[in-house]
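Welcome! Please take a moment with the sequence and the 3D view below before reading on.

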Amino acid sequence: MTLDGEALEQLRKRARAGGADKYHAANSAKGKLFARERVALLVDEGSFVEDGLYANALADGLPADGVVTGTAAIDGRPVCLMANDSTVKAGSWGARTVEKIIRIIERAYSTGVPMVYLVDSAGARITDQVDLFPGRRGAGKIFWNQVRASGSIPQVCALFGPSAAGGAYIPAFCDVVAMVEGNASMYLGSDRMVEMVTGEKTTLEAMGGARVHCAESGVGHFLCKTEAEALDVVRRYLSYLPANWTQPPPAAEATPAPAKADLAALVPASERQAFDMRRYVKGLLDDGSFFEIQALWARELTIGFGRLDGEVVGVVGNNSMFKGGVLFVDSADKATRFVQLCDAFNVPLLFLSDVPGFMVGSAVEKQGIIRHGAKMITAISEATVPKICVVVRKAYGAGLYAMAGPGFEPDATIALPTAKIAVMGAEAAVNAVYANKIAAIADEAERAAFVAARRAEYERDIDVVRLASELVVDAIVEPHDLRAELVRRYAAARTKDRSFSRRRHGVTPV
């Protein structure tokens, strides 16, 4: 088949136009952009180089086989990307679709650049299953490549529509997922299939909608109102990470902390009174640099990227505004994954501790709180990036371990004057040790005096100066000096030896 210039141009136009006009109109009515518009909004103008434009060009109604793949630049830095075209068979996968996705992930991995997934797909085409599903270059190879690339290159997903059945694992294998509320969904079986198999009547939104995954399941990380917001999340996320695991995170121009930030005033004197760790983080980091991840899920733990004097750090902080800052199954998982992400991409870790410990009780024991806590502590132990533990107010029980306490080789353990480190809080300790004596004191005033005296003894035992004198903590720092102290300590730790253990890998308590 010989093509002249005009015929080739017509072929290009058909491939780039996507599906029929009615499908474009239907998407527009839902506030959805065309796949190529998404790519154009995300990447630097003129930087996109497309691969596989003519995939399935001889078939009828399958322009580019429903997926756009290629290389581009975001803020001047190279990336690879794929974007499902939901105007073509609802973005479903055929054999060429799968091959294009495999090839672009392989290219991202081999060239050491981030991989961006712009997902909007109804899943595999059942009619093509023999060609796309079981073979060596079938759909499973997509996930194999994602797993191989995990921790080697950043992988980020923006989800604009469905990600169905096996296709739901593309977002699941990414570092983070931004979901557009009202349109994005992830599910292994459709609502019709669920009813047929289990008898449950549900909807895609109730079962796998964006808010469900961002606030309840934890599979989603950012709940976005618009597609433009989701694309901005991709852009901003990548701005904190290197192109690959061999490089340092990109530095930025240093900016001071917010001028009005008073860290001392943010922490109440009473440990019974909650405060918002997010405000503390924002007051400590470079102004406007905090990028919170999973803000709606397991909110008792705050995580995210930020900058100290222009240098990237990953923050893990207990937030007493939610469930008292106690660690639960979900918050342990949230911390584990974020710590592994930071360690993979050379991002120093900052732990801001105000933790009563892990939750107790029959409900969490049945959920496997010990196993999940062990998983978090494993991640803390294995992380070899510079890590600093700041005890803002308290670090009780195994919570001290989970927040990179002294036994986990942090580059420093810093205490604020408000800090307390103990097996448990004074009230719980006194009750545990003296419960029978307290119960035996009939006079209420005498009983109160006895309890107060025992509490005072306990507080003296865990006094922060005593902890510093016995080298449990490396420094006691005033809140207004904390930022400068951290900047200096991270600079000193930048060239640390990152070896850990003689082995291939540990056996993680998943």
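What follows is a short tour of domains, salt bridges, a helix, a surface patch and a loop.

This is a predicted model, in which local features need pLDDT of at least 70 and side-chain atom pairs count only at pLDDT 80 or more, while totals for chains, interfaces and linings use all residues. Residues are numbered from 1 along each chain as its sequence is written, and side-chain values use heavy atoms, with hydrogens and water left out.

Let us begin with the overall layout. The protein chain is divided into domain 1 (5-240), domain 2 (277-421 + 463-493) and domain 3 (426-461), with bounds that come from an automatic or database domain assignment. Between the C-alpha centres of domain 1 and domain 3 there are 61 Å.

**Salt bridges**

Side chains of opposite charge can pair when their charged atoms come close. Here a salt bridge is a side-chain nitrogen of Lys or Arg within 4 Å of a carboxyl oxygen of Asp or Glu. By this rule the count comes to 28 salt bridges.

| Pair | N to O distance |
|---|---|
| Arg 38 and Asp 120 | 3.3 Å |
| Arg 107 and Asp 51 | 3.0 Å |
| Glu 485 and Arg 489 | 2.8 Å |

Start with Arg 38 and Asp 120, which meet in a salt bridge. Arg 38 lies in helix H3 (residues 35-42) and Asp 120 in strand E4 (residues 115-121), so the pair ties together parts that are 82 residues apart in sequence. Helices (H or I, at least four residues) and strands (E, at least two) are DSSP runs, numbered from the N terminus. Are these two partners buried or exposed? Arg 38 is buried, with a relative accessible area of 1%, and Asp 120 is buried at 1% as well. The terms work like this: buried means under 20% relative accessible area, exposed over 50%, and partly exposed in between (1.4 Å probe, protein chains only). Arg 38 and Asp 120 also belong to a network of salt bridges with Lys 32 and Glu 227.

Next comes the salt bridge of Arg 107 with Asp 51. This pair links distant parts of the chain, with Arg 107 in helix H4 (residues 95-111) and Asp 51 in strand E1 (residues 49-51), 56 residues apart. Arg 107 is partly exposed at 37%, and Asp 51 is partly exposed at 26%.

Glu 485 and Arg 489 both lie in helix H21 (residues 479-493), four residues apart, about one turn of the helix. Glu 485 is buried, with a relative accessible area of 15%, whereas Arg 489 counts as partly exposed at 25%.

**A helix with a buried side**

Which residues of H11 are buried? They are Glu 227, Ala 230, Leu 231, Val 233, Val 234, Tyr 237 and Leu 238. These residues cover an arc of only 150° around the axis, which puts them on the same side of H11; the arc is that of the directions from the helix axis to the C-beta atoms.

**A surface patch and a loop**

Met 193, Met 196 and Val 197 make a nonpolar surface patch of about 350 Å². Met 193 sits in helix H8 (residues 191-198) and is partly exposed at 43%.

Phe 358 is found in the loop between strand E12 (349-355) and helix H15 (362-367). Phe 358 is buried, with a relative accessible area of 18%.

Methods:
Patch = residues over 30% accessible without salt bridge, like charges linked within 9 Å, V, L, I, M, F, W, Y side chains within 5 Å. Areas by Shrake-Rupley, 256 points an atom, 1.4 Å probe, with all protein chains shown as cover.
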